[in-house]
Amino acid sequence: MNVSLAKDLSVYQLVMGVQAPPKPLSLSPATLLSLVRAQIDLLIEQQIAATLWLKLPPEKIWQSELARYQSSVGASSLIYTCQIDESEKREDEGAGEVGEENTPLSSSSPSSSLSPLYPHHVPVHISPDSQMRRENFLMVLSPQFCSLILAHRPLKKHKNKTTSGKVNTNKNQPLLIINSLEGRIIQQVLNGIKQAITPESSPIPIDFTCPTVPQGALMNQLFAKQLLRQDEINRQIIAVRTTKLQQQNQELQNKEQLKDEYLKNVCQELRTPLTHMKTALSLLNSPNLKPPQRQRYLHMLNTQCDQQNSLITGLLELVQLERNLEGTALESVRLSEIVPGVVSTYQPLAQEKGIMLAYTVPTELPSIWCVSGGLRQIVINLLHNSIKFTPNGGEVWVRARIQGNYVQLEFRDTGIGIAESEIPKIFDRFYRVRTAANEDYGGAGLGLTIVQQLLVRSGGSISVKSKLYEGSTFTVQLPSVGDTPKAIAIENQ
């Protein structure tokens, strides 16, 4: 059966055109859902076989109500479903979940999902330009009971326009809802639909006269069910909000706990050098101190001052980085412009330790995306670690090459290596590698944390391969220009 309605039909205008029209109430989609559910409850309880005219959102939460009704009442009911072609899209239409208070109405109902659900339904086609695109309604017609639930989403224009010149609309505004049991109003809508059926449509029996006065007992039952359904939906909304608030509260507690743990670690790390310095100062006051001992304690003071300075500098750097990183722009930079300069800076230190330091960075490599100034910092931290943890006479290589849509930068050394059980910890704040003899190599233990933060923002990744006493390989991948940076993936292998 082919049924179409004229595009100038508006159920809302039909209702507002009657004498002394009902006053629309500004309500939420959740209230609309409670009204629909209450009427379906009444129809099922009283086993009222009615003719339904409707246009409802396509979400399952709405369609399940109609399926519930027809499965209970059976073949004696008939449903006329007004629908807009899915292929037609309009910028002022909205769709979304119904449970949220400010969720807009959907403007179309897919016929493909209705046919198997409702074998006694008749699709009624609406033009994409129809005034009904901003309306949803449910009209119940039976000798025992007639009703109309109507929701209209008014078009609210904003002053600002898009780049195409079209006016934006507010999709998250309340709905104008009318809920009526008056026969004169329902008859007006039915007559308007009858007149709006296009001449080329298949003929449908639409001769029906609404009772002027609804049955009092049915009205009382309906009002009671509306209250129950509204209370049920309100409790669901409160439960959802409570869950969200609990999650937010838990997240805040977790952040506070992490902050407390972080401050605790900071205090412990800062206290250790101070303890050593205090010990050295007390020993220097000994009257029987020999010159070699005095020299050793002075060296201890100097070393611990450097450690304290390294910790404070690293902490300030990390705090500044975490505070500003989110808003820092990515820049296009070439590895050949950064890596050689950093390597040449570390050549004197490598020569002092007898370490062979070399790099291979082809000039034809494409540019990469990285946080502004971040590539230099990444190279400095990783190269510094490679040299620091490589014994005298060792080797350190820096190599770069293309790897798919990324440029790969590899730092390989013949240093002390990292135990397999320790690899997952190396990106933690204040973590410092120690040998089996518990030798402390100094530093703030923040270099790899800073590298990780920079890569998170740049959309790169870092992987680690290491064997104890054989060496380590840190491999950084950064997206080449032309590829969209992605979130970091840290791989410890």
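Leaving aside neighbours within four places in sequence, which residues is Leu382 in contact with?

Leu382 is in contact with Phe411, Leu448, Val451, Ile462, Phe474 and Val476, where contact means heavy atoms within 4.5 Å. Before going on, a word on the basis. This is a predicted model, in which local features need pLDDT of at least 70 and side-chain atom pairs count only at pLDDT 80 or more, while totals for chains, interfaces and linings use all residues. Residues are numbered from 1 along each chain as its sequence is written, and side-chain values use heavy atoms, with hydrogens and water left out.

Now the core around Leu382. A nonpolar core is a set of buried Ala, Val, Leu, Ile, Met, Phe, Trp, Tyr and Cys residues joined through side-chain atoms within 4.5 Å. Buried means under 20% relative accessible area, exposed over 50%, and partly exposed in between, with a 1.4 Å probe and protein chains only. The largest nonpolar core has 41 residues, and Leu335, Leu375, Leu382, Leu383 and Phe474 touch the most other members. Elements giving two or more residues to this core include α8, α9, β16 (461-467) and β17 (471-479). Helix α9 gives the most, with six residues. Apart from this core lies another, of 33 residues, among them Val15, Phe137, Ile178 and Ile186.

Helices and strands here are DSSP runs, numbered from the N terminus: H or I of at least four residues for helices, E of at least two for strands. Helix α9 covers residues 374-388. Its buried residues include Gly374, Leu375, Ile378, Leu382 and Leu383, and also Asn381, Asn385 and Ser386. The expected span of a helix is 1.5 Å times one less than its number of residues. For the 15 residues of α9 that comes to 21 Å, and the end C-alpha atoms are 21 Å apart, which agrees.

Next, the whole chain. The protein chain has 10 helices and 18 strands. Of its 493 residues, 45% count as buried. Among contacts with a separation of 6 or more, 77% are between residues 24 or more positions apart. The accessible surface is about 25600 Å², and 52% of it belongs to carbon and sulfur atoms; areas come from the Shrake-Rupley method with a 1.4 Å probe, and for residues only the protein chains shown count as cover.

How many aromatic pairs does the structure hold? It holds one. Rings of Phe, Tyr and Trp (its six-membered ring) pair if their centres lie within 6.5 Å; planes under 30 degrees apart count as stacked, over 60 as edge-to-face and the rest as tilted. The rings of Trp53 and Tyr80 have centres 4.3 Å apart and planes at 10°, so this pair is stacked. Trp53 is in strand β3 and Tyr80 in strand β4 (residues 78-84), 27 residues apart, so the pair links distant parts of the chain. Trp53 is buried, at 2% relative accessibility, and Tyr80 is buried too, at 3%.

Finally, some loop residues. Most residues other than glycine have a negative phi. Ala20 has a positive phi, near 50°, and lies in the loop between α1 (11-16) and β2 (25-27). At 57% relative accessibility, Ala20 is exposed. Gln47 also has a positive phi, near 50°, and sits in the loop between α2 (29-45) and β3 (51-55). At 43%, Gln47 is partly exposed.
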